[in-house]
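Hello,

Here is the structure I promised to pass on. My notes follow below it.

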Amino acid sequence: MANPVPNNDAYGTQSDAFAAENHLHRRSVDKNGTLSLDAKPLGEDGGHTSADDFLEVMGYKAELLRSRSTLQVAFMSFVLASIPYGLATTLYYPLVGGGPADIIWGWVTVSLIILCVASSLGEITSVYPTSGGVYYQTFMLAPPSYRLIMSWICGWAFVVGNITITLAVNFGTTLFFAACINVFESEPGVGIFAAKPYQIYLIFFAITLLCNAVSALGNKWLPYLDTFAIFWTFAGLICIVVCVLAIAKNGRHDAAYVFGEFDPSNSGWTAGWSFCVGLLHAAYATSSTGMIISMCEEVQQPATQ
């Protein structure tokens, strides 16, 4: 007869994830007390075992509230990509790097790569649904002899990457805000806002403090802000599409130009490297894939969501 797993056992390795799941499923019994494959996992008090119970058995204590639905998580991927912002701020690279073909096929290429990455991360995250994301998952999946150094490198790279891209977005927002003010002109060609370096820095600093305050102090309001951001992002995308179509009435290029025109002469690079530089347009907008998995500790059923 198999020995039952004690309740105080904590699992901390890749191979023990299966044992941790089995530990929970040993509580999956029907009303007659017999094992049932169809029964939902039950807690010690007879209630359904949550994702937090699974993490607790693995030796991890969940700290965040599970308040996000599947749609919120899916749309947050779109919001984090911030398509209108990502398209506008990095469009220069593919235009100079190769032109229309670099934009179209660059997006196709990067999207296929990101799809493979997202599928792999989704599978891993369903087993290790923690807010540590790739940092924690690296520790669990790496060989024991390299576990500490690999998770340390991955963790710090993830932190630096998040800080860098967040500050970059805040700075871009600052420049966008200054440009919006200067839509109003004191005289032809002269905006009403001087936008001196120190003014830009102070606005950037204020936006950064505001974003940090909202994240640190308004956790219960974040789902509502996320929902607002979803609709705001879609509205921005629709506005871009409508405006582009309206402006394009002055003349459109044929399909051969759109899908086949590649001219790297303006970049100063060789054709192959110029095309790769143009991929930054799509890569910047889709770089949020690694960020979204850190939200798995906030979703209700991370194994399926």
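Which residues in H3 are buried? They are Gln72, Val73, Met76, Val79 and Ala81. Buried means under 20% relative accessible area, exposed over 50%, and partly exposed in between (1.4 Å probe, protein chains only). Helices are DSSP runs (H or I, at least four residues), numbered from the N terminus.

Before you read on: this is a predicted model, where local features need pLDDT of at least 70, side-chain atom pairs count only at pLDDT 80 or more, and totals for chains, interfaces and linings use all residues. Residues are numbered from 1 along each chain as its sequence is written, and side-chain values use heavy atoms, without hydrogens and water.

H3 has twelve residues. From first C-alpha to last, H3 reaches 17 Å, close to the expected 16 Å (1.5 Å times one less than the number of residues). Serine 82 follows H3, with a positive phi near 45 degrees. The cover over the buried residues of H3 includes helices H4 (83-90), H10 (222-247), H13 (280-285) and H14 (289-292).

Now the packing. A nonpolar core is a set of buried Ala, Val, Leu, Ile, Met, Phe, Trp, Tyr and Cys residues joined through side-chain atoms within 4.5 Å. The largest one has ten residues, including Val73, Leu121, Val134 and Ile293. H3 (residues 70-81) gives the most to this core: three residues. A second, separate core has eight residues, among them Met58 and Tyr128.

Last, the cysteines. Cysteine 116 is exposed, at 53% relative accessibility. Cysteine 276 is partly exposed, at 40%. Disulfides (cysteine sulfur pairs within 2.5 Å) come to zero.

Best wishes

Terms used:
Helix = DSSP H or I, 4+ residues; strand = E, 2+ residues; numbered from the N terminus. Contact = heavy atoms within 4.5 Å.
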